[in-house]
Amino acid sequence: MNAKSENRFIRINLIAIIATLVVILAGGVVRSTGSGMGCPDWPKCFDQYIPPTSAAQLPADYESKYIEGRKKKNENFAKYLESMGKHELADSLRKDKSILEHEEFNAAKTWTEYVNRLTGAALGILLLLTAIYSFAYKQKAKRIIVLSFLNIGVTFYQAWLGSIVVSTNLTQWVVTIHMLLALVILAILIYTYNYAKQLYKEPTVIMYRVAWLKGFLFFTIAISILQIVIGTEVREAIDMIAKSLQYNGRNTWVSKVGDMFVYHRDMAIIVAISNFIVYKMVIDRFSGKALPLILANYLIIVLVVQVLSGLLLSYLGMPPYAQAIHILFSMVMFSVQYYLYLLVYRAKTYKSA
């Protein structure tokens with residue numbers, strides 16, 4: 001039996017996983033409503049801890065103040081890129097004048113972005129608690145402690161990158177990296193949760209070869225991550241198109257994306273087929289109330305929701321609710337796939353004497 005302190009770690013870790021998905025949903029709402037620049041500064045919002053609700057509450061000369069602040073932060077970021085040998089990226093950042101464009105104040109967008117930041121702060125507190133509670137495993141599983149503290153480091157980097165997302169006015173490649181780091185945070189949480197849960201359990205023994213399932217699951221996770229990256233780039237392209245059209249003609253946005261949308265659509269077919277193959281392989285190898293079998297069923301449900309939301313986006317003019325659902329369930333799909341992979345990885349094939 002797990003000690004009380006170990007059970008506490010498992011509970012807080014699970015809550016942190018759920019909170020991470022909530023943060024991703026909040027980020028999806030921000031993107032789908034165009035609220036990413038609702039707060040022009042970071043971590044405060046219009047230099048206030050509680051953002052304004054009307055233009056009358058805005059600081060004096062805030063436009064010029066925040067533009068100057070962005071220039072300074074972007075120059076520091078460009079120097080950071082140069083230190084990593086990314087000279088072309090640094091030059092393009094310095095030459096991109098669009099990142100200094102100002103958006104008019106909109107209270108709804110401001111508070112949408114502010115709530116997103118509050119959910120991120122709550123997640124940070126949960127991750128800190130997870131790291132503190134991880135010391136319950138200092139004798140039995142030190143990797144849980146190491147990974148829990150590593151996740152805090154990744155989260156701090158993610159928060160800093162979030163400030164860069166704001167200062168660069170949602171520069172596309174920065175947003176993509178921001179999304180990938182969310183995947184890293186989620187993966188670490190799922191790994192430590194599963195490792196703690198399985199620490200005292202014997203590996204599952206199945207009759208059919210498990211190596212094929214492990215390999216194909218890994219492939220499915222890889223193409224799902226690639227699909228998330230392509231989907232993020234499609235979303236960024238649509239943001240640019242929407243802005244150029246002054247957010248009119250929503251039903252034409254998708255058709256203007258070009259080849260990137262075609263790649264995303266075709267990859268979606270591969271992802272769907274791969275997940276159905278995973279489902280079939282799992283039900284052939286597990287039975288009863290085995291957790292892998294339960295996760296495989298969840299995987300199909302998530303896949304259906306993801307496909308339906310994608311169809312809504314393609315044929316109904318990018319409705320904001322469908323955008324948020326599509327982003328959330330892409331991350332839920334990754335979470336289920338990765339958790340299933342961790343469970344299958346421990347499984348062993350039965351060998352007769």
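**A chat about a cavity and some salt bridges**

Mentor: About 40 Å³ of space lies in the second largest cavity, and keep in mind that this is a predicted model.

Trainee: Which residues line the second largest cavity?

Mentor: The lining is made of Leu127, Thr130, Ser148, Asn151, Ile188, Leu189 and Thr192. Helix 4 (107-133), helix 5 (142-167) and helix 6 (172-198) are the elements that give two or more residues to that lining.

Trainee: Which helix gives the most to the lining?

Mentor: Helix 6 does, with three residues.

Trainee: What does glutamine 198 touch, not counting residues up to four places away in sequence?

Mentor: Its contacts of that kind are Leu343 and Arg346.

Trainee: Changing topic: how many salt bridges does a search of the whole structure find?

Mentor: The search finds four. In one of them, the side chains of lysine 140 and glutamate 6 meet, at 3.3 Å from N to O.

Trainee: Where do lysine 140 and glutamate 6 lie?

Mentor: Lysine 140 is in the loop between helix 4 and helix 5, and glutamate 6 is in helix 1 (residues 4-32). The pair links distant parts of the chain, 134 residues apart.

Trainee: Is lysine 140 buried or exposed?

Mentor: Lysine 140 counts as exposed because its relative accessibility is 51%, and the cut-off for exposed is over 50%. Glutamate 6, by contrast, counts as buried at 1% relative accessibility.

Trainee: Which residue forms a salt bridge with aspartate 284?

Mentor: That's lysine 280, with the closest N and O atoms 2.7 Å apart. Both residues lie in helix 8 (residues 259-285), four residues apart, about one turn of the helix. Aspartate 284 is partly exposed at 36% relative accessible area, and lysine 280 is partly exposed at 44%.

Trainee: What about aspartate 266, which residue is its salt bridge with?

Mentor: Aspartate 266 pairs with arginine 265, and their closest N and O atoms are 3.5 Å apart. Here aspartate 266 is partly exposed, with a relative accessible area of 35%, and arginine 265 is partly exposed too, at 43%.

Methods. Residues are numbered from 1 along each chain as its sequence is written. This is a predicted model: local features need pLDDT of at least 70, side-chain atom pairs count only at pLDDT 80 or more; totals for chains, interfaces and linings use all residues. Side-chain values use heavy atoms; hydrogens and water are left out. On a 1 Å grid over the protein atoms alone, a cavity is a set of points where a 1.4 Å probe fits but cannot get out, and a pocket is an open set with protein on both sides within 12 Å along at least five of seven lines; lining residues have an atom within 4 Å of a point. Grid points are joined across faces, edges and corners, and a volume is the space filled by probe spheres set on the points. Contact means heavy atoms within 4.5 Å. Buried means under 20% relative accessible area, exposed over 50%, partly exposed in between (1.4 Å probe, protein chains only).
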